[in-house]
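User: Could you take me through this structure slowly, giving the general idea behind each feature before the particular case?

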Amino acid sequence: MKRLRIAFLPLLLILLTTSCKKNPIKHLTVEESWVYISSGNNGINFSNFSSVTIPDSVILISNRQGSNNYETNALAQSMIAEVKATMQSRGYSLTGKDNNPDLGISIARIDNSYTNVAVINGWWDPYYGYWDPTFWGYPGYGWAPTQFVFYNTTESAWAIDIIDLKNTSGNSLQILWSGTIRGEEIFNPQAVPLIVKGLFDIAPYIKRN
Amino acid sequence: MKQIIILLITLSSATVVSAQQGLSKISIQHSTHLPVGSARGFVENISPRGFSADYSYFINNNFSIGFAGGYSDLYQKKDRQTYTYTETEISAVKSHSLQSIPLMLKANYGKIKEGSLFQPYAGIAAGGSLINYEEWFGTLVDEKSGFRFTVAPEIGTRISFNKYSLAGIDLSLRYHYTAFKYNDVKNLQTLSLNLGLFFFNRN
């Protein structure tokens, strides 16, 4: 019998190692991690517009490199060139912002890093029950020292907005369409042509004809 | 809290003491899970990542009561697709992931026949399951977890290694229902085929 019981141990081990959780992120390639979000398919007729202007810099929204920055580096240039080429292929003519363009396109790079704090205090706390609650005069109450856990998350995204410069009402500008790209390696210049295509592919209604 | 813990320790040691006077059984099985119903809509794939374990104490020759636990992991990666939410389109590779850890009390019926190889049984277990639900859009996640009611009836058979062996192969088919509701998952139902070993303890 003892031998049989010992035989259970490797079996249990095999089960524990083979029945682990499949980690979704580890099973994604870089391209599969890209998420494109397109917002603005609300009946606007994009063929009513003919010219578009795109500034020669990208807005940097970042909490670690200061705010209100404008980027003109190689990454920004490749992004701008790719969006320009896409708009041209959709039938729009490029023009400067002083020539009364119909549409304006703003490109922003979002690169935020956050430090978050989580509090652990409860029965799952490894230090639960260190002090007997009667010590504080409350028998039957659970108590443990509170622990704080710090963790860091980053938020990386491209945000592209198309602004209506033709029909300006009052003193506000209307955003006709917003596109967002998220995922891994999206700030790699080699990825730029692929991610711009991916985003505009789900917004086929943005076209002159 | 402390009183409850002491009570639980007393109770569990009492079970062990009385079990030593009779017959008890431990069984460890590998489980293959097939999602059913709305869970099938979330993950279509059959998953080989699961196991179950139980301890039973025989109150007489036919009935046993005990504890049952286990683990299952369902996972599916879907090809890139565009999902539409009113004015918004999202193009993403979605990954669906669902883990379940049931912790249940169980009751089984099955005659112990000395000297017979096949000993079929039927049983039911009920308790709670720790559920972890993850719906990933690329690397963005919609997550939900909780402890929910579970019931799991089963049929199976013990196949002894030989006529006089107290150990053998344990094969069973089990249905799991967990009252977990989130997004498109209305309840969590799986069917599992379980294959493993059992052994009887007689002191």
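Predicted model: local features only at pLDDT ≥ 70, side-chain atom pairs only at ≥ 80, totals over all residues.

User: How many helices and strands does chain A have, and in what order do the elements run?

Analyst: Helices (H or I, at least four residues) and strands (E, at least two) are DSSP runs, numbered from the N terminus. Chain A has three helices and eight strands, and from the N terminus on they follow the order α-β-β-β-β-α-β-β-β-β-α.

User: Which residues of helix α3 in chain A are buried?

Analyst: A residue is buried if 20 or more other C-beta atoms lie within 10 Å of its own, exposed if 12 or fewer, and partly exposed in between, with C-beta atoms placed from the backbone. In α3 (residues 192-201) the buried ones are A:Val192, A:Ile195, A:Val196, A:Leu199 and A:Phe200. Because these fall within an arc of 125° seen down the axis of α3(A), they line one face of the helix; the arc is that of the directions from the helix axis to the C-beta atoms. An α-helix has 3.6 residues a turn, so residues three or four places apart point the same way.

User: What do the buried residues of α3(A) pack against?

Analyst: They pack against β1 (35-39), α2 (74-89) and β8 (172-182) of chain A.

User: Is A:Gly43 buried or exposed?

Analyst: A:Gly43, found in the loop between β1 and β2 (51-53) of chain A, is exposed, because 7 other C-beta atoms lie within 10 Å.

User: How many residues of chain B are in contact with chain A, and which element gives the largest share?

Analyst: Two residues are in contact if their C-beta atoms, placed from the backbone, lie within 7 Å. By that rule, 31 residues of chain B are in contact with 34 residues of chain A, and β5(B) gives the largest share of the chain B side, five residues.

Definitions and conventions. Residues numbered from 1 in each chain as written. Chains lettered and ligands numbered in written order.
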